[in-house]
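Open the model in a viewer and show the chain as a cartoon.

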Amino acid sequence: MRSEPGESVTPGAVEPADATDPALETLRPGQPTPGRPGRAGPGADEGLADPGAVGRRQRHELWMRRALHVAVTGPDGPTPDEGVDDVPVGAVLYGPDGGELAIGRNERELTGDPTAHAEVLALRRAAQRLGRWRLDGCTLVVTLEPCTMCAGAIALARVSTVVFSAWEPKTGAVGSLWDVLRDRRVTHRPEVYAGVLAPESAALLRAFFR
């Protein structure tokens, strides 16, 4: 079932992949699937998006641009609080219907909280808004590969899909150093798409650390 951003998607329905599905580009030797077990790109039951329609890749790029905006501006204004210097990572959690539920930007320096990563903040805010800790059917979009803490929180929250932008070779736990979210030993494995708008995210990070 195909849907426009914000349009309802029936829970459990198979999302069609478009011809340039990023899953085809992000397979790494030795890594499990970029989605459900045995999946490597579009399955025979998925089909392709119609030319000109908004397919999975286009939707992920649209959502990632929103996450990049959050990384730059923060959740509450045009610019982060003056004097607060934190790594610009943005996260947006989307509901099963494609609607935005919550956003987060790194707030470790702002709050003095070592757990205040963008992903964790987005998960907390979404759970508070929905009144439940299970976020099944939701998609988390984040501008940098999650660390072990964030990957664990994502799995525990039962998030269904994770889309991230730049790889993090020093702390990444979704394929770089570890692959927490797709480890066959865990009971909940989200579908993962990596490298979406990676050059844009990498440029943002380089500018920060320059």
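Predicted model: local features only at pLDDT ≥ 70, side-chain atom pairs only at ≥ 80, totals over all residues.

Select the five strands together. They form an open sheet in the order β2-β1-β3-β4-β5, and the pairing is mixed. At the edges are β2 (100-105) and β5 (191-193), each of which pairs on one side only. On average, neighbouring strands of this sheet are turned by 15° against each other, with direction ignored.

**β3 and β4**

Next select residues 139-144, strand β3, together with residues 161-166, strand β4. The two pair in the parallel sense, over 5 bridges. Show helix α5, residues 198-209, as well: this helix packs on the sheet and touches β3 and β4. The direction of α5 makes about 55° with that of β4.

Now go to individual positions along this pair. Threonine 139 has threonine 161 in β4 as its bridge partner. Further along, valine 141 stands opposite valine 163 in β4.

Is β4 mostly covered or mostly open? Colour the strand by accessibility: β4 is mostly covered, with 6 of its 6 residues buried.

Which residue of β5 stands opposite valine 163? Select tyrosine 193, which is the residue facing valine 163 there. Valine 163 also stands opposite valine 141, so a selection of these residues can be read against the general rule that strands of a sheet pair through backbone hydrogen bonds, either parallel or antiparallel.

**Aspartate 85**

Finally, leave the strand pairs and select aspartate 85, which lies in the loop between α1 (56-73) and β1 (90-94). Why does aspartate 85 count as exposed? Its relative accessibility is 56%, and exposed means over 50%.

Display the surroundings of this residue. Leaving aside neighbours within four places in sequence, aspartate 85 is in contact with Glu109 and Phe208. Then draw a distance between the C-alpha atoms of aspartate 85 and asparagine 106: the separation is 9.7 Å, for residues 21 apart along the chain.

Methods: Residues numbered from 1 in each chain as written. Heavy atoms only, no water. Helix = DSSP H or I, 4+ residues; strand = E, 2+ residues; numbered from the N terminus. Buried < 20%, exposed > 50% of the residue type's maximum accessible area, 1.4 Å probe, protein only. Contact = heavy atoms within 4.5 Å. Pairing = 2+ DSSP bridges. Axes fitted to C-alpha atoms, helices over the stretch in contact; angles between N-to-C directions.
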